[in-house]
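Thanks for picking up this structure with me.

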Amino acid sequence: MANFVEQFMTWLLSFDKEALILGASAIGAGLAMIAGIGPGVGQGYAAGKAAESTGAHPENQKTSLMTMLVGAGVAETTGILSLVVALILMFGNPMVNQEGNAIAIAGSAIGVGLAMVAGVGAGIGCGYAAGKAAEATGFAPENQRGIMMCMLLGSAVAQTTGIFSLVIALIFMFANPIAAASVGGTPELAVVLGLSAMGAGACMIAGLGSGVGVGYAGGKAAEAVGINPESTSKSIMLMLVGSAMAQTSAIFSLVVTLILMYANPFIGVDANFLILGCSGLAAGIAMIGGLGPGIGQGYAAGKAVEGTSFNLNASNKVMVVMILGQAIAQTSSIFSLVVALILMYANPLVGLDSSFIILAASALGAGFAMIAGVGPGIGQGFAAGKASEATGMRPKLQGAVIRTMVLGQAVAQTTGIYGLVIALVLLFANPLIGLL
Amino acid sequence: MEAITGKALILACSAVGAGLAMIAGIGPGIGQGFAAGKGAEAVGKQPEAQGDIIKTMLLGAAVAETTGIYGLVVALILLFANPLVGML
């Protein structure tokens, strides 16, 4: 009797190639629109802050409203990018005409939608920056120029991950390397490639974290410049250094995505195709853990800006605390990267003699377990932010503050380590195989 | 491709379930990090109370850890003492 995987594949292949791709494109278009969450939340926050500011300083209503609208306009970007991608998939679908296996191309269409979800982050982050800038221009309209500059600079950096995702989506739609790799291959290879494409898309979701975090840092810089215009240069410097750190996990994800697309390590491997395909999908899912460090490190950058604006002479001490705290907050995205690289390049499951469904599911389980890293990333970043702020207020206490921060961050790491242990057990010491 | 037995299906689903259970770790991670942040803030304001601050922080963090441990326990049971295969 054929098993359900074979039956499912036969069922998929019973459709026209076009029907399969167009169906997946419909799902991809829908997934892409999830990005709309971000601008909705962010612009709502900006509107709230502008309304609050107008209540407190009605005489500055026009300035504050103008700042809010400019910021909200920037926050709209990722929502519009997603809309454009969805409209292309619906009205000018370039994927139906791609050469290659329908299953690989259908997986790519879903990957397009998953990648665009990262736009949630830039929408929230830019909206936060717009809200803080509207508030700051309300109480200090004379500093509007510096405030707007910080807001726009922060928002531009926050947009990076949304643009990364757009680039990945456009590659899938117009120059799909996954489809090209499936030309002339078996349906089994197409499943490996299709699942890898979905993994590549899921992987990009980690960029959501950087979008939120960097936008937060931009908002805090705008606020600091409003309160104390003399802090402008130091605020911008700290914001940019901190934001660069917060981009790290998004870059890790971009690398894994590009590997899955252009140098897929599963092509030509002699093993069950479902194990290989699920490993590709799981590598992408594991990288979603990087979402946490992005948010947390951005928070730390924002709080470091705030801490420095109280006490400009403490900026070096604050930066040391910020970078130390951010480095610790990076841990979970490094764990995720390690698991993704194991799945791609040193996959222990392919050599095991057991039912293929258990091994494929173990790869997926290992990927899911790494999502736990979101929490430690956010939490440790929060600790780094509060410690940076405290160092700004009382630079003499830097040592005691760092000790408390690191101790607390170590405790916050535990659940991320639990996730890593479960993933490693599933990969290297899988007890389920013996139970069969 | 070989057939999938009922037992293999249960074990495969257990692997996915063990992975999903670990997502619970997000909560303690955020919560304990918040505690660490507030602890560092408090030490910055009142360094003389550092000992008490850390004690309170660690006690609270230990309580926040519980749900992460529940997730871990369920994952470990699914992996190492799977009760589901026995019910087949």
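1. Let's start with one working term: two residues are in contact if their C-beta atoms, placed from the backbone, lie within 7 Å. With that in hand, look at Ala387(A), which touches Val321(A), Gly325(A), Val401(A), Ile402(A), Met405(A), Gly37(B) and Ala40(B), leaving aside residues up to four places away in sequence.

2. Before going further, please keep in mind that this is a predicted model, where local features need pLDDT of at least 70, side-chain atom pairs count only at pLDDT 80 or more, and totals for chains, interfaces and linings use all residues. Residues are numbered from 1 along each chain as its sequence is written, while chains are lettered from A and ligands numbered from 1 in the order in which they are written.

3. How does the model score? The ipTM is 0.88 and the pTM is 0.94. Chain B has an average pLDDT (the predictor's confidence in each residue, from 0 to 100) of 93, and 99% of its residues score at least 70.

4. Chain A has 19 helices and 0 strands; helices (H or I, at least four residues) and strands (E, at least two) are DSSP runs, numbered from the N terminus. Its radius of gyration is 23 Å, close to the 22 Å that the globule rule gives for 436 residues, so chain A is as compact as a globular protein of that length. Here the radius is taken over C-alpha atoms, and the rule is 2.2 Å times the number of residues to the power 0.38. Along the principal axes, the C-alpha atoms of chain A fill a box of roughly 75 × 50 × 30 Å.

5. Chain B has 3 helices and 0 strands, in the order α-α-α along the sequence. Its radius of gyration of 20 Å is well over the 12 Å that the globule rule gives for 88 residues, so chain B is more spread out than a compact globule.

6. What share of each chain is buried? A residue is buried if 20 or more other C-beta atoms lie within 10 Å of its own, exposed if 12 or fewer, and partly exposed in between, with C-beta atoms placed from the backbone. In chain A, 67% of the 436 residues count as buried, and in chain B, 50% of the 88 residues do.

7. Now for the place where the chains meet: the contact takes 57 residues from chain A and 51 residues from chain B. On the chain A side, α1, α16, α17, α18 and α19 each supply at least two residues. Helix α18(A) gives the most, with 17 residues. By class, that side divides into 35 nonpolar, 18 polar and 4 charged residues, where Ala, Val, Leu, Ile, Met, Phe, Trp, Tyr, Cys and Pro count as nonpolar, Asp, Glu, Lys and Arg as charged, and the others, Gly among them, as polar.

8. Back to Ala387(A), which lies in helix α17 of chain A. Is this residue buried or exposed? Ala387(A) counts as buried because it has 35 C-beta neighbours inside 10 Å.

9. Finally, a helix pair within chain A: α13 (residues 291-310) and α14 (residues 315-329) pack at an angle of about 170°, with their axes 10 Å apart. Axes are lines fitted to C-alpha atoms, for helices over the stretch in contact, and angles run from 0 to 180 degrees between N-to-C directions.
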